[in-house]
Amino acid sequence: MADIAVLTALIEPEVKALGFDLVRIKLFGSGDEYTLQIMAEDPKTKQLVIEDCAAISRRLSDVMDEVDPIEEAYRLEVSSPGIDRPLTRLRDFLEWAGHEAKISATEVVEGRKSFRGMLKGVEGEDILFTDAKVGDVAIPFALVSDAKLVLTDALISATMPLSSDGADEFETEE
């Protein structure tokens with residue numbers, strides 16, 4: 001299986017050249033069913049539209065075909081991180097402070113490895129967090145194995161769509 005650091009070094013400059021930020025690279029699957037998942041976002045909107053995904057996909061397909069860093073056959077998937085997005089960079093925890101999240105740690109922190117609660121921000125390399133069960137905790141970013149926002153009404157309100165053009169219109173009967 002390909003090394004994520006090698007893939008990141010190859011993919012991130014290409015995504016940045018198109019004006020987007022790389023959120024996550026994930027290679028998963030087994031046998032002949034592998035998927036290379038690329039999540040990216042427009043730094044201004046924190047989203048991507050379908051045309052952005054297509055542009056990234058075309059650019060990465062050309063580069064990946066030329067360099068061929070993955071021995072196994074794979075499917076390339078480019079997407080926006082979505083509303084209940086993964087938190088993969090230290091700045092994500094700062095940008096999304098005030099929202100509910102789930103965090104899993106690789107080692108025990110304050111007697112736990114799993115947390116659910118409110119993001120409070122960042123101090124140095126620590127994520128400031130108020131867990132629903134243990135209260136305030138500082139989780140070292142280096143120990144985070146998985147983190148994502150929790151879908152709440154507040155998050156939906158804070159994450160406005162880029163455009164509602166093309167959205168279905170519903171008529172109600174009176």
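**Helices and strands of a three-stranded sheet**

Mentor: Helix α2 (residues 50-67) lies across β2 and β3 and runs at about 145° to β3. This is a predicted model in which local features need pLDDT of at least 70 and side-chain atom pairs count only at pLDDT 80 or more, while totals for chains, interfaces and linings use all residues. Residues are numbered from 1 along each chain as its sequence is written, and side-chain values use heavy atoms, without hydrogens and water.

Trainee: What makes residues 50-67 helix α2?

Mentor: Helices are DSSP runs of H or I with at least four residues, strands are runs of E with at least two, and both are numbered from the N terminus. Residues 50-67 therefore bear the name α2. The angle is taken between N-to-C directions, from 0 to 180 degrees, with axes fitted to C-alpha atoms, for helices over the stretch in contact.

Trainee: Why do β1 and β3 stand at the edges?

Mentor: The open sheet of 3 strands has the order β1-β2-β3, with mixed pairing. β1 (21-30) and β3 (74-79) each have a single partner strand, so one side of each lacks a neighbour in the sheet. From one strand to the next, the twist averages 15°.

Trainee: Which strands does helix α1 touch?

Mentor: Helix α1 (residues 4-17) packs on the sheet and touches β1 and β2, where contact means heavy atoms within 4.5 Å.

Methods:
Pairing = 2+ DSSP bridges.
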